[in-house]
Amino acid sequence: MTAYLVGAGPGDRGLLTVRAAELIAEADVILYDRLIPPDALAGARPDCELVFVGKEGGGEQVPQEATNELLLRHAATGKVVVRLKGGDPFVFGRGGEEALLLREAGIPFEVVPGITAGIAAPAYAGVPVTHRNVASAVAFVTGHENPAKPETALDWPALAAFPGTLVFYMGVRALERIATQLVAGGRAPSTPVAIVERGTMPAQRTTLATLETVVARAAEVGVQAPAVTVVGEVAGLGDELEWLTRRPLHGRRIAVTRARAQASPMAARLRALGADVVEAPAIRTRTLDDVALPFLAGHDLIVVTSPNGAHELFALLERHDRDARALGGHRFAAIGPGTARALREHGIVADIVPRRAVAEGLVEALEGIPVASALIVRGREGRDVLQEALRERGALVDVLALYETVAEPLDEGALAALRGADWVTFTSASTARFLAEAAGGSLPEGPRLASIGPATSAAIRELGREPDLEADPHTPDGLIDALVVTVNLG
């Protein structure tokens with residue numbers, strides 16, 4: 001049996017280490033605190049036991065003694081137990097105390113470091129904690145000492161004289177004491193200070209001040225925990241080196257409604273552009289059972305109309321003990337670049353990929369190409385535009401429906417987050433229809449609506465709304481590009 005003390009990083013899901021993600025996926029039990037990334041637990045197994053053991057000033061409290069008891073009890077059963085902490089477990093995370101507890105109980109443990117907020121939050125604010133010309137040393141200091149200690153363990157005169165950067169954790173409520181003690185110890189009142197709230201998260205905010213003005217400035221803007229406070233000349237670089245808010249979608253909350261399995265790449269790119277992403281999958285795909293493998297040799301063209309169709313086609317081959325060799329000699333058409341990428345993952349390079357990723361675009365791309373017999377691989381609810389066009393040209397057309405799109409229930413929390421978004425994105429007509437169904441019959445009134453293409457826009461209009469933008473090209477990347485242009489035009 002082994003217990004794992006794992007750092008989850010400062011909040012940005014992209015800063016979760018590979019090893020941390022591996023252990024989250026393997027764990028039988030995860031004891032987690034409130035400062036882990038919001039979706040860090042998404043990779044946990046469905047049967048994993050998730051236990052909140054967080055602490056928040058003035059809010060919900062799980063005493064450390066109770067956490068210790070839970071850690072020992074679960075670890076003693078031989079289960080894979082992960083104690084998941086925000087930041088790094090050994091940097092003001094009480095990981096050292098928990099490691100000693102496990103050692104005394106004879107329970108093996110491993111420590112997985114995480115990126116600590118004292119480095120990450122300033123970096124996201126454009127504040128390097130060291131700089132060759134400004135600060136050659138950095139000290140990490142707790143702003144919230146153990147209240148049980150009879151006196152402070154901090155040597156304030158030594159900290160005031162420290163020749164470098166001071167980074168205070170958990171010091172929001174102690175700002176006045178920190179500033180007063182440092183000035184009293186000899187630090188210049190004009191020393192720059194940067195307070196970084198919710199570091200690395202979409203709602204990150206930086207307040208710049210000096211030791212002389214920081215208390216009043218923090219009160220003026222309403223600084224709240226969690227935050228780190230950087231004291232030193234490097235804090236003055238924040239104005240010049242700040243980069244987070246310069247990303248094109250910074251400060252915009254954008255909801256992604258496509259199926260969960262497909263949403264991740266789109267959500268990742270939106271986050272990389274600075275957006276606060278709400279993942280609210282309104283649909284999911286379900287494989288159709290008992291689908292027979294068609295006689296493939298009778299077709300000279302196989303058309304795949306979605307990435308799901310590509311993956312389901314190869315899953316069907318596998319269920320019938322076949323592989324890509326069964327598709328040899330066929331010409332392939334993909335409805336768009338995403339579907340072409342999905343085919344390539346299975347070793348098939350599409351011969352025909354239209355510029356417009358809609359059925360009409362594929363009809364245009366096939367003009368002048370002789371087609372005697374075609375197999376169209378699609379979902380059950382697919383449009384009939386393509387097969388009708390091919391039949392009008394005299395082609396024999398078979399349709400192979402491999403999956404269906406069904407509604408994904410959304411709880412009130414997800415719907416509330418979606419209603420609070422600036423934009424809601426729709427990548428298919430079904431996402432619009434199913435979201436309206438989940439939201440009580442209509443699309444949410446607050447956010448602006450972004451459509452991937454004409455068919456999706458038509459569905460939005462049927463639901464009584466006009467899309468605020470329509471992507472061209474009609475792809476997820478085209479949709480994101482259109483959002484960037486629209487947002488930056490005001």
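Start with phenylalanine 140. Phenylalanine 140 sits in strand 6, which runs over residues 138-142. A word of caution: this is a predicted model. Buried, partly exposed or exposed: how does phenylalanine 140 count? Partly exposed, because its relative accessibility is 33%. Together with Phe92, Ile119 and Met170, Phe140 makes a nonpolar surface patch of about 350 Å².

Next, helix 3. That is residues 95-104. Which of its residues are buried? Gly95, Glu98, Ala99, Leu101 and Leu102. Look down the axis of helix 3. The buried residues fall within an arc of 160 degrees, so they line one face of the helix. Now turn to the other side of helix 3. Here Leu100, Arg103 and Glu104 are exposed. What covers the buried residues? Just past the end of helix 3 comes glycine 106, with a positive phi of about 75 degrees.

Helix 6 can be read in the same order. Helix 6 spans residues 175-184. Its buried residues are Leu175, Ile178, Ala179 and Leu182. Around the axis they cover an arc of only 90 degrees, so they sit on the same side of helix 6. The face turned away from that buried side carries Glu176 and Ala184, both exposed. Which elements cover the buried residues of helix 6? Among them are helix 5 (156-161) and helix 7 (214-221). Strand 7 (165-169), strand 8 (192-197) and strand 10 (227-231) belong to the cover too. Just after helix 6, look at glycine 186. Its phi is positive, about 120 degrees.

Last stop, histidine 330. Where is it found? In the loop between helix 10 (307-319) and strand 15 (331-334). Histidine 330 has a relative accessibility of 14%, so it counts as buried. Buried means under 20% here. Now its side chain. A polar atom of the histidine 330 side chain lies 2.5 Å from the backbone oxygen of leucine 296. The backbone oxygen of glycine 328 lies 3.4 Å from a polar atom of that side chain. Which residues does histidine 330 contact, leaving aside neighbours within four places in sequence? Leu296, Ala297, His299, Ile302 and Asp351.

Conventions
Residues numbered from 1 in each chain as written. Predicted model: local features only at pLDDT ≥ 70, side-chain atom pairs only at ≥ 80, totals over all residues. Heavy atoms only, no water. Patch = residues over 30% accessible without salt bridge, like charges linked within 9 Å, V, L, I, M, F, W, Y side chains within 5 Å. Areas by Shrake-Rupley, 256 points an atom, 1.4 Å probe, with all protein chains shown as cover. Salt bridge = Lys/Arg side-chain N within 4 Å of Asp/Glu carboxyl O. Helix = DSSP H or I, 4+ residues; strand = E, 2+ residues; numbered from the N terminus. Buried < 20%, exposed > 50% of the residue type's maximum accessible area, 1.4 Å probe, protein only. Arc of directions from axis to C-beta. Polar contact = N/O pair within 3.5 Å; in protein donor to acceptor, adjacent residues only side chain to side chain. Contact = heavy atoms within 4.5 Å.
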